Amino acid sequence: MSKTETAAKRIEQVDRRLTHDAAAEKDSAPVQWASWVGEIADQPQLITASIATIAAGVVGGRRDLMRGGARMLAAHLVATAAKSAIKHSIDRARPRKAIDEGDDRFEPGDSDDHQLNSFPSGHTAGAVAVARAAAREIDGAAAPAAIGAIAVAAIQPVAGNHYLTDVLVGGAIGWLSEALVDAAFRRLAPHGTDERLGR
């Protein structure tokens, strides 16, 4: 086994131990409730929030909301495509399955089983992408969006939904996806003046 393989194995072992420890109370009522709240970062909810933001901007005549909602939707779609491509190439048992059934699978694969699609965290990817997109355009959105994304990411290992590395990679996917969308917006739809933005 090469040094790289040895290091990767060691990281995986530490990741598993830390996550399993974090998920010790995964079946408790407070954790289950927090996990349910964290579903706000699932794909349908984030798409709905993005479209609702655009609609609010149209109705209220606020270009920051229109642009912010468009950025949110675009960033989310890019992040979703990226995380889906990875999920379709890797099978990883979720921590809950590993703890309850002893299945520590982490290998190349294309399973459609939800319990084998732990890597990476799609909720984290979507939450980070949408939060950063909202913060770029919408007045006052930066702090609450960041807090929301952090909360969504933090609950994943505790609830036994994802490993720490799933969350870290999901966050990186969301960050990079939004950065790509930001570059496209800056090139194709620059801000213009504050007056044009309705601020």
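Below are some questions and answers on a predicted model.

Q: How are H4 and H8 oriented to each other?
A: Two packed helices are described by the angle between their axes and the distance between the axes. Here helix H4 (residues 63-87) and helix H8 (residues 164-188) pack with axes 8 Å apart, at an angle of about 135°. Angles over 145 degrees would count as roughly antiparallel, and 65 to 115 as roughly perpendicular. H4 and H8 are therefore oblique to each other.

Q: Which residues of H8 meet H4, and what is the make-up of the contact by class?
A: On the H4 side, the residues involved include Arg67, Ala70, Val78 and Ile86. They and others in H4 meet Ile173, Gly174, Ser177, Glu178, Val181, Asp182 and Phe185 in H8. By class, the contact of H4 with H8 has ten nonpolar, two polar and five charged residues.

Q: What covers the buried residues of H8?
A: Among the buried residues of H8 are Asp166, Val167, Gly170 and Phe185. Their cover includes strand S1 (90-92), helix H6 (122-137), helix H7 (142-158) and H4.

Q: What distance separates the end C-alpha atoms of H8?
A: H8 has 25 residues, and at 1.5 Å a residue they should span 36 Å. The model agrees, as the end C-alpha atoms of H8 are apart by 36 Å.

Q: Is lysine 97 buried or exposed?
A: Lysine 97 sits in helix H5 (residues 95-101). Leaving aside neighbours within four places in sequence, lysine 97 is in contact with Gly102, Asp103, Gln115 and Leu116. Buried means under 20% relative accessible area. Lysine 97 has 14% relative accessibility, so it counts as buried.

Key:
Residues are numbered from 1 along each chain as its sequence is written. This is a predicted model: local features need pLDDT of at least 70, side-chain atom pairs count only at pLDDT 80 or more; totals for chains, interfaces and linings use all residues. Side-chain values use heavy atoms; hydrogens and water are left out. Axes are lines fitted to C-alpha atoms, for helices over the stretch in contact, and angles run from 0 to 180 degrees between N-to-C directions. Helices (H or I, at least four residues) and strands (E, at least two) are DSSP runs, numbered from the N terminus. Angles under 35 degrees count as roughly parallel, over 145 as roughly antiparallel, 65 to 115 as roughly perpendicular and the rest as oblique. Contact means heavy atoms within 4.5 Å. Ala, Val, Leu, Ile, Met, Phe, Trp, Tyr, Cys and Pro count as nonpolar, Asp, Glu, Lys and Arg as charged, and the others, Gly among them, as polar. Buried means under 20% relative accessible area, exposed over 50%, partly exposed in between (1.4 Å probe, protein chains only). The expected span of a helix is 1.5 Å times one less than its number of residues.
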